[in-house]
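Subject: Structure handover and findings

Hello,

Here is the structure you are taking over. The findings follow below it.

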Amino acid sequence: MAKRSDTQGRLDDAARAGWLYYVAGRTQDEIAAAMSISRQSAQRLVSLAVAERLIKVRLDHPISACLELAEALRKKYDLKHVEVVPSDPAGVSTTVGIAEAAAAEIERWLKRPDPIIVAIGTGRTLKAAVDQLPPMECPQHRIVSLTGNIGPDGSAAFYNVIFSMADAIKARHFPMPLPVLCSSAEERETLHDQALVRSTLKLGAQADVTFVGIGELGVDGPLCVDGFLGKEEMLKLVEGGAAGEICGWVYDQEGRLLGDAINDRVASVPIPSRETSAVIGIAQGKKKLAAISAALKGHIINGIITDEVTAEHLLAD
């Protein structure tokens, strides 16, 4: 039998200590006795289990303030799904809380026994949510990517999540083997005319539920940071009234897709119909407020997972 490495052995011990503490409800003294270690070692192992994300915590108790904000958002924007999570006043992460909530919502859909089509966008928050999914067997479902999985330099796009999601849930998956943005409208038409791409476009249009990130615009926005748009192109979009983007599709402050050269180059699957699909945006934070607000006003999305502070700003808008 192969010998465990010291690192793997310590992670195994951390997982055991974490399970005893969070699942079995044992005290640190009891864990120390059960594992024949000191109390201090037990405490360090439990902390390591959390730090290495071996333990994933979900809050099952609904907080009344969050529920009230969610109901107010639902009424204001006529939404199908709303979830508001507590805000961390000292937090700097753009995904904490909403990634866990998004993972729980994705899991609820995947637990359905009847076959469904799940469309998935891209981005940091979605990747964090997919990383929270537990291993599942979902051969009855199909997962389709709305965005291309090729970066501007030809490499695999880092925040394209369909492959890691498919690995976690063991479902059939349909990637979009294209860049997010093509070099021209003509190139997009040529690529979209390929048989494999046509089938993915058709599947995406039939999605039962869609999960997307919401991107802010500006030189610090994802399209610019990830190299899909140059600084001058981005500044021109903002000056022209663009407010945000979803899967590369750029829209104005009223949530209307721009009829410009950038959207003519977007290779992504069009955002599924809100009449037939639950299209759930996952985003929070001050820098995304304009993009989230516009997406809600224009009914680009009909669901939102966000945090308390963002919800309050959206209701005051």
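In what follows, a contact means that heavy atoms lie within 4.5 Å of each other. Please keep in mind that this is a predicted model.

Sheet

Strands β6, β7 and β8 form an open sheet in that order, with antiparallel pairing. Its edge strands, each pairing on one side only, are β6 (215-216) and β8 (249-252). Between β6 and β7 (residues 242-246) there are two bridges, and these two strands run antiparallel. Glu216 has Gly244 in β7 as its bridge partner.

Helix α13

Which residues of helix α13 (residues 308-316) are buried? They are Glu308, Thr310, Ala311 and Leu314. These residues sit on the same side of α13, because the arc they cover around the axis is only 160°. As for what lies against them, the buried residues of α13 pack against α4 (64-77), β1 (81-85), α12 and β10.

Backbone points to check

Most residues other than glycine have a negative phi.

- Ser36 is not a glycine, yet its phi is positive, at about 60°. Ser36 is located in the loop between α2 (28-35) and α3 (39-51). Its relative accessibility is 68%, so Ser36 counts as exposed, the cut-off for exposed being over 50%.
- His299, also not a glycine, has a positive phi of about 55°. The loop that holds His299 runs between α12 and β10 (303-307). His299 counts as partly exposed because its relative accessibility is 41%.

Regards

Methods: Residues numbered from 1 in each chain as written. Predicted model: local features only at pLDDT ≥ 70, side-chain atom pairs only at ≥ 80, totals over all residues. Heavy atoms only, no water. Helix = DSSP H or I, 4+ residues; strand = E, 2+ residues; numbered from the N terminus. Buried < 20%, exposed > 50% of the residue type's maximum accessible area, 1.4 Å probe, protein only. Arc of directions from axis to C-beta. Pairing = 2+ DSSP bridges.
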